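Could you walk me through some of the local backbone and packing details in this model?

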Amino acid sequence: MALSASTPAQPKGATGCLVLADGTVIWGRGFGAGGAAVGEVCFNTAMTGYQEVMTDPSYAAQIVTFTFPHIGNVGANAEDIESAFQNGVESAVGCVVREDVTEPSNFRSLERFTEWMVAAGKIGLSGVDTRALTRRIRKAGAPNAVIAHDPEGNFDIPALVERAREWAGLEGMDLASRVSREKSEEWKGGHWTLGAGYGEAGSEKPHVVALDYGSKDNIFRNLVRAGAKVTVVPARASFEEIMELAPDGVFLSNGPGDPAATGEYAVPVIRQLLDADVPIFGICLGHQMLAIAAGAKTIKMHQGHRGANHPVQRVGTGWGETSGLVEITSMNHGFAVDADTLPETVEQTHVSLFDGTNCGIAIKGKRAFGVQYHPEASPGPQDSFYLFEKFVGGLG
């Protein structure tokens, strides 16, 4: 049960807290790593995949509130990590949950989620009224905050409030450089199957060069599953460095932070790729930067879209009998493409049925398209795998 709503008075048994920039203090029971971390508080509505969420680089500098109350029942394992965790790639700094973390009850579990959080250096807070916190985010927007855990229950609240207030927030922040690979590498892993784990990549063609702005590993695995050979390059790779690899197509990955900030160095490269008629596929942050490269703008969302149950509809031309079809998708983004700024050279191909925001574009006269959501899921539904097949299959 929740220890308290929001009060500056520390209740008995509180070993953790979430301190918002407006001075609100939400108490709970800390777990995972000790210490304090600053970030933007968001909420995720997925019922599964908490380990995948916590290792998604798109959540860098964010504190994830899970609306599903029972977290921990699957435990943790080495296969459900979505980024190069062992190499210290940033992702979510912490999480907030309703109930105390559940003991694992799954045959794939290798350790408790609480133990994994300690090893990952991530701070957890349980015993929080996550419904009230989610409603607050929906009404007032995602706040900056500090999440803290001390087993002895010692907290300097004024200092934590000041730290939350001083943090600049995600708007205007380029985080892709911090979570990207530092050098190019040939991707090795294939698609996961129960009992066999991850397969090996066996294709030699077509060759996809993937720009890593903070990608989830399962995106690369799904490109392999669709028949591609994948080479991953850093976020700041130049047009010349990309073309030296002789790509049949270029993939623009997901990632954290403000797309306009990352676009300062990424968009000029994308424009050069478009001018060279290189086929392009972008997901999430990559989708947003493709839109910027084509002349559109992005905006900071009030609360963002994060979860595994977001309905998206196919719109525009080119879908034939499947026009109007609805996909249930996995999403994680706090910025969006402003559909009102799309130039005539760009067609909107997908829209959110939750709020009508843009969820897909195609650039006319080019083999270049992007979607705001995550067709690789992980976690989430697998309605949208066809996008990988559409991209790789069109490379010849």
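## A cis proline

Proline 379 sits in the loop that runs between strand 19 (368-371) and helix 10 (386-393); helices (H or I, at least four residues) and strands (E, at least two) are DSSP runs, numbered from the N terminus. The peptide bond leading from serine 378 into proline 379 is cis, with omega near 0°.

This is a predicted model, in which local features need pLDDT of at least 70, side-chain atom pairs count only at pLDDT 80 or more, and totals for chains, interfaces and linings use all residues. Residues are numbered from 1 along each chain as its sequence is written, and side-chain values use heavy atoms, with hydrogens and water left out.

## Positive phi values

Alanine 246, in the loop between helix 7 (239-243) and strand 13, has a positive phi near 55°. For aspartate 277, phi is near 60°; this residue belongs to the loop between helix 8 and strand 14 (280-283). Aspartate 277 is partly exposed at 47% relative accessible area (buried means under 20%, exposed over 50%, partly exposed in between, with a 1.4 Å probe and protein chains only).

Serine 253 lies in the loop between strand 13 (249-252) and helix 8 (259-275), and is buried, with a relative accessible area of 0%. A polar atom of its side chain is 2.8 Å from the backbone nitrogen of tyrosine 213.

Helix 6 (residues 217-225) is largely enclosed by the rest of the structure, because eight of its nine residues are buried. Among them are Phe220, Arg221 and Leu223. Just after helix 6, glycine 227 has a positive phi of about 115°.

Definitions and conventions
Polar contact = N/O pair within 3.5 Å; in protein donor to acceptor, adjacent residues only side chain to side chain.
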